[in-house]
Amino acid sequence: MAANRTDGPVARVLVVDDDEFIADLVLTGLRFVGYEVAIAATGRDALAKGRDGWADVILLDVMLPDLDGFEVCRRLRADGNQTPVIFLTARDETDDKVGGLRLGGDDYVTKPFKLEEVIARIETVLRRAGKGPAATTTRLVVGDLELDEDAHVVRRGGRRLDLSATQFKVLQFLMANAGRVVSRTQILDHVWQYDFAGESTVVETYISYLRRKVDDVEPHLIHTVRSVGYVMRVEDDRR
């Protein structure tokens, strides 16, 4: 169950990477800022999904297990598909960058990367393509819990909740990924902007704060998945 967003459709990104950790990290981060995301793990899967015209932009890893990203881009362009392509790769050689751009790529991001850079590149490519930045989300709803991103207000059952700025960010991240288990590391990465050097116990502390404020009524919305992380979903956990 995904959180209900009350704004219009968002930009759609096809993420192509055979590294499950990276693909999941990018997917979670892009969903957090409002993008709709699909995943492909092979070049052939990328071609199939890229050719159907669903994506507004393709984030394309170069090193794939079958067709490499350059070949995927070449075939898409040969088909007349002009969906913007951003190459995502560990290669940093100038020849590779130039070659990818000459094949029809629109930009190039080198691993390791910060998700903020990827998002900025996506927004730039979309504007260049005349599609503008992703639509700005304003409101998230999970059950009777509502979070207004613009007004910075949270209500449950119509009752306004008093949250600190960091508590708001943690809750926003959980709600943006409602129905999806997110790890402590992912929460640290996205809420503390990759710069937090502490232990993951800080996440447990903030989850505890939220449970006291958000889950003081039933049904409980924040659930622990042992040894994995947390998930927000509507589930009557009364026994």
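This is a predicted model: local features need pLDDT of at least 70, side-chain atom pairs count only at pLDDT 80 or more; totals for chains, interfaces and linings use all residues.
Me: Which residues of helix α2 are buried, and on which side or sides of α2 do they lie?
Reply: Helix α2 covers residues 43-51, and its buried residues are G43, A46, L47 and G50. They span an arc of only 100 degrees around the axis, which means that they sit on the same side of α2.

Me: What covers the buried residues of α2?
Reply: The buried residues in question are G43, A46, L47 and G50. Their cover includes the strands β2 (12-16), β3 (36-40) and β4 (57-61), together with α3 (69-78).

Me: Which element gives the most to the largest nonpolar core?
Reply: This core has 31 residues, and L145, V170, L171, L174, I187, W192 and M232 touch the most other members. Among the elements that give two or more residues to the core are β7 (139-142), α6 (165-176) and α7 (184-191). With seven residues, the element that gives the most is α6.

Me: How are the planes of F70 and F87 arranged, edge-to-face or stacked?
Reply: F70 belongs to helix α3 and F87 to strand β5, 17 residues apart. Their centres are 5.1 Å apart, with 75 degrees between the planes. Planes over 60 degrees apart count as edge-to-face, so the F70 and F87 pair is edge-to-face.

Me: Which residues form one aromatic cluster?
Reply: F87 also pairs with Y108, in a tilted arrangement at 5.9 Å centre to centre and 50 degrees between the planes. Since F87 lies in strand β5 and Y108 in strand β6, the pair ties together parts that are 21 residues apart in sequence. The one aromatic cluster is formed by F70, F87 and Y108.

Technical notes
Residues are numbered from 1 along each chain as its sequence is written. Side-chain values use heavy atoms; hydrogens and water are left out. Buried means under 20% relative accessible area, exposed over 50%, partly exposed in between (1.4 Å probe, protein chains only). Helices (H or I, at least four residues) and strands (E, at least two) are DSSP runs, numbered from the N terminus. The arc is that of the directions from the helix axis to the C-beta atoms. Contact means heavy atoms within 4.5 Å. A nonpolar core is a set of buried Ala, Val, Leu, Ile, Met, Phe, Trp, Tyr and Cys residues joined through side-chain atoms within 4.5 Å. Rings of Phe, Tyr and Trp (its six-membered ring) pair if their centres lie within 6.5 Å; planes under 30 degrees apart count as stacked, over 60 as edge-to-face and the rest as tilted.
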